[in-house]
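Please keep the model open while reading.

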Amino acid sequence: MKKILVSIFTVMLMIHAYGQEIKLTPCGPVPTENQLRWQDMEMYAFIHYSMNTYTDQEWGFGNEALELFNPSDLDCRQWARVCKLAGMKGIIFTAKHHCGFCMWPSKYTEYSVKNVPWKQGRGDVVRELADACREEGMKFAVYLSPWDRNHKDYGKPEYVTYFRNQLRELLTQYGDIFEVWFDGANGGDGWYGGANETRRIDGKTYYGWAETFKMIRELQPNAVIWNDGGDRGDLRWVGTEAGNVGETNWSLMPSKGDTPYHMLHFGVENGDVWCPGETNTSIRPGWFYHEAENEHVKSLSKLMDTYYKSVGRNSTLLLNFPIAPNGRIHPNDSLRGIAFKKMIDEVFKTDLAQKAEIQTQANVTTIRFKQPIAFNRFVVEEDIRYGQRVNKFALEAEVDGKWVALKDELVEKGDGLTTIGHRRIICFPTVKATSLRFTILDAKCKPIIKRTSVYLAPKLTADIPDSGEKRSSNLHYFFSSSKQMLIDWDTEQTISSFRYLPPQNTKEGMITHYTLWVSTDWTNWTKLATGEFSNIVNNPIWQTINFTPTKAKMLRLDADRLADGDRMAFGDFEVVTK
Ligand code: FUL
């Protein structure tokens with residue numbers, strides 16, 4: 001009986017891939033359930049917020065005055081909503097950064113929110129954020145810095161007990177934690193309870209990671225561990241904070257030994273453990289908020305480049321949003337994050353392969369379109385449950401009866417068509433072709449491909465006007481799509497009219513019909529006005545929409561109809577605030 005069951009099971013595990021029946025046995029190391037669940041999250045946010053926010057630093061020394069922590073308008077719901085609208089599936093929060101200041105009232109230290117002016121010491125940022133994430137349907141996770149420049153025992157065995165006690169608080173008091181993040185920056189000078197000295201530790205041995213990992217597995221069995229120190233965690237750093245992983249990216253690593261940059265960045269083809277890369281980067285130059293960086297929030301094209309070089313290269317994207325001193329995500333970051341998600345949706349809206357004829361023979365898949373069509377993105381995925389298999393592939397398009405090779409335009413050397421994994425996105429200049437051919441040239445075992453898709457991404461910088469700031473009215477705006485503009489004031493305003501100056505020398509992009517919406521929380525939108533700009537084409541003068549004075553933090557203008565073209569345009573605009 002047992003034998004029969006086993007063979008039925010084996011038959012069920014056969015699938016038809018590339019025209020051949022193949023048995024689904026693992027090919028080398030495979031991901032755990034936790035790693036699979038994590039990889040499917042694709043994008044999640046980092047939030048950096050600590051004493052540094054009030055001292056304009058990236059790393060605190062450990063003696064920053066507790067009085068500094070007194071945000072006027074701390075709103076974790078705003079963080080969660082903005083991150084969700086930016087396409088993030090969860091948030092990893094700096095519960096403790098290197099300065100040692102705890103964003104929750106830990107019972108093991110006085111250096112925490114329990115001794116600050118904010119909420120008279122009765123606040124708990126970790127709790128507020130964990131709750132906000134849950135309410136928004138997002139996952140929550142913690143960053144706990146092993147290096148602690150405040151603690152007097154840092155460097156001694158006592159500190160490791162302190163560190164584990166803190167971790168236990170975080171893992172037991174705040175519900176499910178999807179990831180535990182241990183930064184690798186370690187040892188050096190610090191305040192250390194007043195000693196003001198330099199302390200060096202051996203990151204591989206000092207923390208006793210094996211025991212800490214055991215505790216995490218017990219307390220949060222579904223969490224993945226990111227560890228840049230000694231023992232291998234479930235995930236790896238990709239060797240840079242610039243926002244890219246190698247175009248060749250194996251989710252494998254050697255279980256032991258050092259991991260130099262090239263291993264972190266490209267993975268190791270014959271590694272003996274599954275250890276996928278997580279690409280971490282900030283939406284601004286720094287991890288913490290600095291007013292001087294307000295105009296240096298990454299552009300939409302930079303963020304898309306980051307997306308292609310992370311999610312599009314078999315990695316996840318951990319994108320950081322810093323919190324401003326008032327306790328909120330700055331409008332420049334929120335609007336850019338939201339525009340980023342809208343752009344991803346726009347690029348991947350229509351899979352052109354859906355209406356094509358797809359044929360697979362041996363290791364060659366041909367996608368034939370009904371007529372020549374334009375495209376510039378190819379998406380391919382392996383079923384990584386059975387391991388990462390494909391080493392090298394080719395892409396060709398049939399243009400005017402001739403096959404031309406396509407190369408990944410985001411790599412400098414070669415054609416860049418190496419490794420697939422969870423998802424690989426290849427970007428190339430737009431071609432107009434009748435067919436696309438995808439050929440697997442080299443694989444460790446029989447390839448198991450679960451998706452091949454084709455897209456036409458709209459042109460970016462030329463078509464989408466940039467964001468900006470109207471200093472006089474403290475207004476930040478962003479064109480979040482071709483027919484929508486978002487305005488964020490961050491603080492509540494009473495607004496009474498919107499004024500629009502159409503483009504002066506062309507009908508293209510001129511708005512003839514509009515709807516205006518207001519919100520105070522990014523989630524609930526109230527319609528303010530809808531209508532027509534009469535005679536705007538013949539007489540393109542300022543148009544004014546008056547309405548009953550209304551409270552708003554955000555305003556959205558939908559261009560319902562344009563006189564010509566398919567992207568809205570402005571000569572200028574204004575919002576009259578009371
Ligand atoms: C680094 C830290 O030193 C930075 O401050 C930041 O937290 C970043 C995510 O990791 O190594």
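## Domains and their interface

Buried area is the accessible area, taken with a 1.4 Å probe, that two parts lose on being put together, summed over both. The model is a predicted one, in which local features need pLDDT of at least 70 and side-chain atom pairs count only at pLDDT 80 or more, while totals for chains, interfaces and linings use all residues. Residues are numbered from 1 along each chain as its sequence is written, and side-chain values use heavy atoms, with hydrogens and water left out.

An automatic or database assignment divides the protein chain into domain 1 (33–347), domain 2 (350–455) and domain 3 (476–577). Domain 1 and domain 2 bury about 1900 Å² between them, with 54% of it on carbon and sulfur atoms. Of the area that domain 1 buries against domain 2, Glu247, Trp250 and Tyr308 supply 29%, more than any other three residues.

One salt bridge is found across this interface, a term that requires a side-chain nitrogen of Lys or Arg within 4 Å of a carboxyl oxygen of Asp or Glu. Glu42 forms a salt bridge with Arg423, where the closest N and O atoms are 2.5 Å apart.

## The ligand and its surroundings

Residues around the ligand (a heavy atom within 4 Å) include Phe46, Trp59, Asp183 and Glu241. The protein covers 91% of the 300 Å² of accessible area (Shrake-Rupley method, 1.4 Å probe) that the ligand has on its own.
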